[in-house]
Amino acid sequence: MHVAAHCGTRVRLDLNHIVATGSFFRPVRYRSSLEVYGVARNRRNGSCGRLVWRQLGALAPVCAAGLQDTRDDKEYCVVNFYHLVDIVDPDEVISRHKEYLEDKEVKGRIYISEQGINAQFGGVTEDAVGYAEWLIANEPNFDTLEYSVDPVETHMFPKLRLQYKANLISLSGGMQAVPVTNPEARATKVKPSDWKKMLQQGVEGRTPVVLDVRNSYEWDAGHFEGAERPLEDNFHETPTEATEDPLPKYLDGLEPETPVMMYCTGGIRCDVYSTYLKQKGFQNLYTLEGGIQNYMKNEGLDHWKGSLYVFDGRMAIRPNKDAQEPLEPVASCALCGGKAILPHLNCANVDCNKLFLACQECQDKLQGCCCEQCTKAPRLCISTSDIDTLGKKLDEMELQHPDAFESDTWPHGLHLMAHIAARDLPNARFMSKRIPDTIASRDAAVKKAHAVLRLLWNKEYVLVWEELEFDWPEEYKDVVDYLAEDIKKHVLQMIGRVYSRISLATVAKLINCSDEDAIELASRECNAVKEGDFLVMSGVSAEREKLSETDVQMLQSILVHIS
């Protein structure tokens, strides 16, 4: 199953998918958003499935628990490497590595077997790079290990998965059938500069076959000039003796002396597959040292078309592309043939889940589905735009399945908090009165949501912080963070419109943060500057006049709590 994953530069709730399924709720991060799978009535017997919140694994969209709001001074990166070498006791190696990483802020996938290691991980740069350096210094036969480092703004993986995996990559028939740890059995590695020359000039006067050893959907995002689209949707379908066709179509019938230039994202897939092709008689095999990522760092986009699909929270990269501009894929929209946009989508039909590219118009028109037929499926993702619509979408689902709301499987607390975070207090108040007493009395999160609503309704902003510091369930945390930030901004804007000078300590207590954070937020929200122990508001006199007398009285009343 292909799963699209992407994370933004900062974890903020941008809920733009609610998915009705027949059995469970599952919150996951999807394209800087939280995807919520909701309950739907069983069409056969009219019953509602049990709702269970859970998070997906490392290859799933990055879940809410996996990405933290990194408003700190830490530097983050993604590290990639592989090393094909004989390991006598993988379990013992894994044990030592787990011990080393126990107190490190590192997340990702690290697989170890008798044939080496394959790692894609990230985290705090000091810890992530430190692990690679520790490996080089302490593991036998790892002194030649090379790794790539890409700076990012936060964690790109939800958790650390460090484990034994017999096949470091999913080669049909298994890796044990090929001598991957013998460098002589593999293709000749080519530096990026020489790879560029070979693309331009050929190999010893001959035109090479440029073989993309990736999945077809990766090619759609971007590829080298001259490389045909792989016929396989998954690498494990790549032809070997264990598949119906023993050779890729683009190599079938070629002379053994034909030069073949093989490439993949980081290098391991083509390195491993080259050992198989050598066994099949191909004599002039070349692999790109360090893969596409290494080429882009050294040669830029010369002879490269489009962007690069990656298997972490970024989903797609193009190193020398302006970060503010959208990444462009090579392939067109799979639905209309127009200009597609990255990242890939999983079909909104949960039972289809096809990974595809589409233009914005088709994404909107078909609500994230890959075809008209999928739009009529019983379990669909329903696209929305932002947090303001989460409560409304849950309202719609409730109208469609009224019995579900009466069940303790409905996410009453999250539903209520969604309305509160969207400043939709009247609807939140109405909904709070409809939550069954049996649920409201024993669900701690629902109780807290009620308390938050009551305080905000009465404009008791100072007292609300204690309620928001409750240990909320994981699926609530983005909503709570969003609400907290919104309250801070709202209060600061009111302060800036009423006061020309106010104690820094008062502001910090009012918005529940440190003096340093209060200075930063007040400067941004109401043009404040620090003078001694006070904040002086500047350039907002005109705004100050616009605040109603009622608002002024309300603000003065909430300040009583901290006087």
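# A tour of the predicted model

Start by selecting C369, which sits in the loop between α7 (360-365) and α8 (372-375). This is a predicted model, and the tour moves through it stop by stop. At 1% relative accessibility, C369 counts as buried, because the cut-off for that word is under 20%. C369 and A348 are 21 residues apart in sequence, yet 4.8 Å separates their C-alpha atoms in space.

**The whole chain**

Zoom out and show the cartoon. The chain has 20 helices and 22 strands. Of its 563 residues, 54% count as buried. Among contacts with a separation of 6 or more, 67% are between residues 24 or more positions apart. Switch to a surface view: the chain exposes about 25600 Å², with carbon and sulfur atoms supplying 46% of that area.

Select strands β9 (188-190), β10 (209-212), β12 (260-263) and β13 (285-288). These four strands form an open sheet with parallel pairing, in the order β9-β13-β12-β10. β9 and β10 are the edge strands; each has a single partner, so one side of each has no neighbour in the sheet. From one strand to the next, the twist averages 30 degrees.

Look at the pair β10 and β12, which is joined in the parallel sense over four bridges. Within it, V210 stands opposite M261 of β12.

**Helix α3 and its cover**

Next, select residues 192-201, helix α3. Which residues of α3 are buried? They are P192, W195, K196, M198 and L199. Viewed down the axis of α3, these buried residues fall within an arc of 160 degrees, so they line one face of the helix. The repeat of an α-helix is 3.6 residues a turn, so residues three or four places apart point the same way.

To see what lies over the buried residues of α3, show β9, β10, β11 (222-224), β12, β13 and α6 (291-299), all of which are included in the cover. After the end of α3 comes G202, with a positive phi near 85 degrees.

Stay with α6 for a moment. Its buried residues are G291, I292, Q293, Y295, M296 and E299. Just after α6, G300 has a positive phi of about 70 degrees.

**A proline in a loop**

Select P248, in the loop between β11 and β12. Is P248 buried or exposed? Its relative accessible area is 7%, so P248 is buried. Leaving out residues up to four places away in sequence, P248 touches P239 and Y273.

**Backbone exceptions**

Most residues other than glycine have a negative phi, and most peptide bonds are trans.

- M315, in the loop between β15 (308-309) and β16 (316-317), has a positive phi near 70 degrees. M315 is buried, at 2% relative accessible area.
- L342 and P343 are joined by a cis peptide bond, with omega near 5 degrees. P343 belongs to strand β17 (residues 341-346).
- N353, in the loop between β17 and β18 (355-358), has a positive phi near 60 degrees. N353 is buried, at 17% relative accessibility.

**The nonpolar cores**

Finally, display the side chains of M417, I420, L456, L468, L483 and I487. These residues touch the most other members of the largest nonpolar core, which has 55 residues. Where does the largest share of this core come from? Helix α16 (residues 477-498) provides it, with nine residues.

Centre the view on I420. Beyond its neighbours within four places in sequence, I420 is in contact with L425, A428, A449, V452, L453, L456 and L483. For the last stop, select Y111, V180, F235 and F282. These are among the 27 residues of a second, separate core.

How values were computed:
Residues numbered from 1 in each chain as written. Predicted model: local features only at pLDDT ≥ 70, side-chain atom pairs only at ≥ 80, totals over all residues. Heavy atoms only, no water. Helix = DSSP H or I, 4+ residues; strand = E, 2+ residues; numbered from the N terminus. Buried < 20%, exposed > 50% of the residue type's maximum accessible area, 1.4 Å probe, protein only. Arc of directions from axis to C-beta. Contact = heavy atoms within 4.5 Å. Pairing = 2+ DSSP bridges. Axes fitted to C-alpha atoms, helices over the stretch in contact; angles between N-to-C directions. Core = buried A, V, L, I, M, F, W, Y, C linked by side-chain atoms within 4.5 Å. Areas by Shrake-Rupley, 256 points an atom, 1.4 Å probe, with all protein chains shown as cover.
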